[in-house]
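I opened this model to look up a few local features and note them down. The entries follow in the order in which I checked them.

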Amino acid sequence: MTQDELKQAVAKEAIKYVVEGAMVGVGTGSTADRFIDELAKIKNRIDGAVASSQKTADRLKAHGIRVVDLNSVGELPVYVDGADEITEHLAMIKGGGGALTREKIVAAVAEKFVCIADESKLVGVLGKFPLPVEVIPMARSHVGRELVKLGGQPALRQGFTTDNGNLILDVYGLTILKPLELEAALNNITGVVTNGLFAQRGADVLLLGTATGVRTIRRK
Ligand code: 5RP
């Protein structure tokens, strides 16, 4: 199976977690795009969707799916999104697409986070994928120096501005043995908007696309 077929398979499986007549939170990226395409097939059975990025909102609307502002939503039973890396404990690195802040906000509201990923995303230790950190532009150099003190090598994502008008520093060279602690430490740096570690609010379910089918891993 190709990587795209694996993404397609997990996107289809994720539809089973969508609650009829309710809102669904939708992530960003190529796997989330496959999910949006599947969601379009059942769009008359949901109340609408909350998007984690402008790109996702545009794709949802193009499919005729109602997009609702998160502030107008009381309850969000499920959020479906991809990941750049995920462990068996369901901690993740996200933000390869630069949508980490809105993804984290929608995930915080959702009762259940369903992560959809192909098997290349499952890792023993997080950090090989450079960790995205969203930064207020005037704090870029300060945050960069603080990231070096924490053992990382930050690189400015060139030519990229987030949906919130900020910058992304991609941090290379980290071996993240304590994701919860690092997530908190990064959030403590003045000028950091958020970071791509999803440990405090990890996934509740991982649907992992493998050559032998979709494997389901639940939070213990
Ligand atoms: C975007 C993300 C994505 O979920 C992550 O980058 C995975 O993307 P893809 O499904 O294209 O591999 O966090 O900010």
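At what angle do helix α2 and helix α3 pack, and how far apart are their axes? I note at the start that the model is predicted.

Entry, helix pair. I looked up α2, residues 30-40, and α3, residues 54-62. The two helices pack at an angle of about 25°, and their axes are 10 Å apart. Angles under 35 degrees count as roughly parallel, so I logged α2 and α3 as roughly parallel to each other. I also checked the hand: α2 passes α3 in a right-handed crossing.

Entry, leucine 90. I found this residue in the loop between β4 (85-86) and β5 (92-93). Is leucine 90 buried or exposed? Its relative accessible area is 0%, so I put leucine 90 down as buried.

Entry, phenylalanine 129. I placed this residue in the loop between β6 (112-118) and β7 (131-135). Phenylalanine 129 has a relative accessible area of 28%, so I marked it as partly exposed. I then looked up its separation from leucine 174, which is 45 residues away along the chain.

Entry, surface patch. Which residues form a nonpolar patch on the surface with about 310 Å² of accessible area together? I listed Ile136, Met138 and Val193. Of these, I followed up valine 193, which lies in strand β10, residues 192-195. Valine 193 is partly exposed, and I wrote down 33% for its relative accessible area.

Note on methods
Residues are numbered from 1 along each chain as its sequence is written. This is a predicted model: local features need pLDDT of at least 70, side-chain atom pairs count only at pLDDT 80 or more; totals for chains, interfaces and linings use all residues. Side-chain values use heavy atoms; hydrogens and water are left out. Patches are made of residues with over 30% relative accessible area and no salt bridge: like charges are joined within 9 Å, nonpolar side chains (Val, Leu, Ile, Met, Phe, Trp, Tyr) within 5 Å. Accessible areas come from the Shrake-Rupley method with a 1.4 Å probe; for residues, only the protein chains shown count as cover. A salt bridge is a side-chain nitrogen of Lys or Arg within 4 Å of a carboxyl oxygen of Asp or Glu. Helices (H or I, at least four residues) and strands (E, at least two) are DSSP runs, numbered from the N terminus. Buried means under 20% relative accessible area, exposed over 50%, partly exposed in between (1.4 Å probe, protein chains only). Axes are lines fitted to C-alpha atoms, for helices over the stretch in contact, and angles run from 0 to 180 degrees between N-to-C directions. Angles under 35 degrees count as roughly parallel, over 145 as roughly antiparallel, 65 to 115 as roughly perpendicular and the rest as oblique. A crossing is left-handed if the near helix is turned anticlockwise from the far one by less than a right angle, and right-handed if clockwise.
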